[in-house]
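Let's take a walk through this structure together. Have it open as you read.

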Amino acid sequence: MREHTTGPEVIRLSEEVADTIASGGPVVALESTIISHGLPQPRNLEVALELEDLVRRAGAVPATIAVLDGVARVGLDKREVERVAAEPGLRKLGLRDLAPAAALGASGATTVSATSFLAARAGIKVFATGGLGGVHREWAETQDESADLDALARTPIIVVCAGVKSILDVPATLQRMETRGITVVGYRTDEFPGFYLHTSGQPVDWRIDTPAEAAEIMRRRERLGVPDGALVVANPVPEDQQLDPGLHDRVLAEALAAARDAGVTGQAITPFLLDHLVRGTDGASLEANLAAVRGNVRLAAEIAACWSAG
């Protein structure tokens with residue numbers, strides 16, 4: 001793979017991604033934490049390759065993003081994807097971690113905040129993920145809020161997601177998005193999705209029904225000179241593929257109680273709760289998550305094609 005670099009070996013684009021961006025073709029950014037931290041081996045590699053294939057089948061180029069040996073890679077080859085899937089102890093890198101990783105030659109998978117930043121820095125307009133981070137429950141006591149929100153408030157990119165993780169305080173997260181100027185639209189829905197669930201029950205202010213409308217909103221933001229910020233396209237998991245709502249609520253309540261009893265706080269709380277949900281639902285939450293990600297990737301590729309078409 002011939003590589004294109006930006007700056008002194010800080011960000012490296014694959015040849016395919018660089019050429020597609022240069023020609024104005026459609027590219028979809030994909031995060032790497034789902035590969036390294038979100039799924040067990042060997043399924044993580046299978047899913048990573050499947051998501052890239054979904055982007056290609058929709059007519060766009062995938063750009064899976066990770067940091068390897070201190071260099072941010074935008075577009076991984078198969079060998080690099082395999083490394084992310086198998087390397088033990090790979091760090092989870094948010095936006096704040098990119099500079100230390102670059103300076104110290106570290107490797108890590110990128111979260112939503114880091115992936116969105118690196119994608120926008122490379123000139124990619126569309127990013128597909130599962131669920132965003134946000135305001136945690138009991139925020140008034142813990143002051144725990146995901147770095148995703150701050151990053152998205154400053155990053156001009158279209159993010160296709162299934163809402164925010166249902167372990168969070170969804171109303172507070174939506175309020176925070178409004179405060180930070182993050183535009184949220186529901187894709188063919190008037191309600192904000194619930195990640196594992198088709199709906200969170202919270203309304204959205206704007207609805208779109210076509211991928212072209214998402215691309216046009218971003219164009220109008222740029223033409224109006226609206227300050228940098230993301231357009232969040234909230235795409236619900238299909239009802240027939242969602243986690244059973246009753247099961248979700250019961251297991252989540254058990255997970256929250258277990259976290260309180262164990263004194264789990266800070267960065268450890270999200271993986272603790274998500275792991276509890278996977279085990280408590282006998283893997284059904286994971287399948288709902290993957291169904292959502294697949295749908296988001298397909299939609300993101302369609303939006304990227306509309307953006308490319310101008």
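**A strand and its neighbours**

Strand β10 joins strand β11 (residues 206–208) through 3 bridges, and the two run parallel. Helices (H or I, at least four residues) and strands (E, at least two) are DSSP runs, numbered from the N terminus, and two strands pair if DSSP finds at least two bridges between them. Before going on, note that this is a predicted model, where local features need pLDDT of at least 70, side-chain atom pairs count only at pLDDT 80 or more, and totals for chains, interfaces and linings use all residues. Residues are numbered from 1 along each chain as its sequence is written, and side-chain values use heavy atoms, with hydrogens and water left out.

Look at Val185: Trp206 in β11 stands opposite it, while in β12 its bridge partner is Val233. How many of the 5 residues of β10 are buried? In β10 (residues 183–187) it's 4 of the 5, so the strand is largely enclosed by the rest of the structure. Buried here means under 20% relative accessible area, exposed over 50%, and partly exposed in between (1.4 Å probe, protein chains only).

Most residues other than glycine have a negative phi, and most peptide bonds are trans. Phe195, in the loop between β10 and β11, isn't a glycine, yet has a positive phi of about 65°. Phe195 is buried, at 2% relative accessible area. Asp282 also has a positive phi, about 60°, without being a glycine. Asp282 sits in the loop between α12 (269–280) and α13 (284–309), and is exposed at 74% relative accessible area.
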